[in-house]
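Hello,

Here is the structure I promised to hand over. Please open it first, and then read on for what turned up in it.

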Amino acid sequence: MDAPPIHASQTASRSFGDELRQLLRLGVPIAFVQLGLTGLNFVDLAMLGHYDAASLPAVALGNTLVWIVSMFCMGALAAADPLLSQAVGAHDREAIPRIFGRALLLAVALAVPASLLLLPAGQMLALAGQPAHLIPSAANYARWQMLAILPFLWFTTCRSVLSAHARTWPQVATIVGGNLANALLDWALIFGKFGAPEMGAHGAALATVLCRWLMLAGLIACGWRELGPCLRALRDRSVRAAAFALAPVLRLLRLGAPIGAQFLLEMGVFAAVALLIGRLDEANGDGGDGPRIAGHQIALQLASLSFMVPLGLAMAASVRVGWAIGRGDAASAARSVRVALVAGATVMTGFMALFLLLPEPLARVLTDQPRHLAWAVALVPIAGVFQIGDGVQVVAIGCLRGLGDVRSPMLANFVGFWLIGLPLGCVLGLAGDGGPAGLWWGLVVGLFLVAASLLLVLRTRLAEGRKRLRAD
């Protein structure tokens, strides 16, 4: 295939400051894109939070189901990240279209069953004891997202190729256009502007589906310099046969399954807490407007927005560590890890201060409903407490992924969140009558345990020395 030029960021750094500059050169645009992706949902919720009392908590419940079924798919495809970055670092151009093709095929294989799982969304929410008044809108929203899972997975795969080549501007351009389109579609379809029907939560669902397909098309067009050669290479029968052969596709799935499990465990614990809080609303007779679940979603949405910055740094660190491993440069890999951890912790210190000092102004961006606001203001400072731990753990996961270790984060999340954090939260929030705040304090403890354990694993992996992963 045609070889895209080597980006300056693919060279080894010479010092801490040089590594920081190179990390930020790659990581800031990626973080901007991650913020933009979360911004799509943020705008949905902000408009719904100012539309009526029931739409925001209903969409929060629908989104909970969508993320549960999508997380494993996204994580499994993330296995392509270290394979692509290490292939670029080793100048193995022939491997890139094969990995890309396998990821595209795996996305289809994962998206179909994930989408079908959303068909009985209403029954699942009813079995989970969620507020009956919110279930119809929540289930409708979840079923609409069946049409959005595949384009999102393909979008993620295309981003992996571009990030491995340090090509960030196509991602930035696409996410800016996607957010503008989403805001206009939300405004039109939620509130009935520009001659469109007023659809409320249903309008937000439709806007999300349309934007996912538009963003996929936009990213392919803007990133054609890297994506085009890969797609043209897949027109060759021998390349296509090698890319789509069952054995290497299954190897990619086996490599990605622990990442998918880690994604599912991490996001699943927040989903479990959301469903438990929804039960509290129903038990307290507040199912009509779901103030607790709304407050939880507002705090979680703000935390998700701040999380995107260290996640972007983690993705950049994964690429830089992967390049170093591909070159066989252990010293550069270790330097990339140290710089990324310091950068992630520093950024999240700022967000911690923001959440602790300004909980009400931040929450008001997403809602003007008094009861929703009251619960959100109680939870946003708790979200502030776990900012540093959240930043450290996600950067550590990115570095481990670049080193080729995809199992340790899965185990750390299982122990920290599911064996310790969630049970503790249930004791504090349900048995101890601490309500949503008690459940969130359990998450805080679990998150810091995950971060501490991953730092220990990362230190061990760096001392071991790592070799390039193979997918063929």
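Which residues make a nonpolar surface patch of about 710 Å²? They are F414, V415, L419, I420, L424, L428, W441, V445 and L449. Before going further, please note that this is a predicted model, in which local features need pLDDT of at least 70 and side-chain atom pairs count only at pLDDT 80 or more, while totals for chains, interfaces and linings use all residues. Residues are numbered from 1 along each chain as its sequence is written, and side-chain values use heavy atoms, with hydrogens and water left out.

**The surface patch**

A patch is built from residues with over 30% relative accessible area and no salt bridge; like charges are joined within 9 Å, and nonpolar side chains (Val, Leu, Ile, Met, Phe, Trp, Tyr) within 5 Å. The areas come from the Shrake-Rupley method with a 1.4 Å probe, and for residues only the protein chains shown count as cover. Two or more residues of this patch come from each of helix 18 (408-431) and helix 19 (435-464). Helices here are DSSP runs (H or I, at least four residues), numbered from the N terminus. Helix 18 gives the largest share, six residues. V445, one of the patch members, sits in helix 19. With 35% relative accessibility, V445 is partly exposed; that class lies between buried (under 20% relative accessible area) and exposed (over 50%), using a 1.4 Å probe and protein chains only.

**The nonpolar core**

Now to the inside. A nonpolar core is a set of buried Ala, Val, Leu, Ile, Met, Phe, Trp, Tyr and Cys residues joined through side-chain atoms within 4.5 Å. The largest one has 140 residues, and the members that touch the most others are L23, L37, F100, L153, L302, W440 and L458. Helix 13 (residues 291-327) supplies the largest share of this core, 19 residues. Take L37 as an example: apart from its neighbours within four places in sequence, L37 is in contact (heavy atoms within 4.5 Å) with F152, F155, R159, I175 and M215.

**Salt bridges**

How many salt bridges does a search of the whole structure find? There are eight, each being a side-chain nitrogen of Lys or Arg within 4 Å of a carboxyl oxygen of Asp or Glu. Three of them are worth a visit.

- R292 and D281 meet through their side chains at 3.0 Å, N to O. This pair links distant parts of the chain, with R292 in helix 13 and D281 in helix 12 (residues 246-283), eleven residues apart. R292 is buried at 10% relative accessible area, and D281 is buried at 0%.
- R364 and E360 form a bridge of 2.9 Å, N to O. The two are separated by about one helical turn, because they are four residues apart in helix 15 (residues 359-364). R364 is partly exposed at 44% relative accessibility, and E360 is partly exposed at 35%. Elsewhere, salt bridges with shared partners join R167, R225 and E226 into one network.
- E226 pairs with R225, their closest N and O atoms being 2.9 Å apart. E226 is buried, with a relative accessible area of 1%, whereas R225 is partly exposed at 44%.

S332 belongs to helix 14 (residues 330-357). Is S332 buried or exposed? S332 is buried, because its relative accessible area is 4%. Its side chain makes a polar contact with the side chain of D329 at 2.6 Å. Such a contact is a pair of N or O atoms within 3.5 Å; within protein, one must be able to donate a hydrogen and the other to accept it, and residues adjacent in sequence count only if both atoms are side-chain atoms. Beyond neighbours within four places in sequence, S332 is in contact with A12, S13, A324 and R327.

L373 is found in helix 16 (residues 370-385) and is buried at 7% relative accessible area. Leaving aside neighbours within four places, L373 is in contact with E360, A363, R364 and T367; E360 and R364 are the salt-bridge pair described above. L373 and W169 are 204 residues apart in sequence and 37 Å apart in space, C-alpha to C-alpha.

T168 lies in the loop between helix 7 (149-164) and helix 8 (169-191). T168 counts as buried at 13% relative accessibility.

Happy exploring, and best wishes
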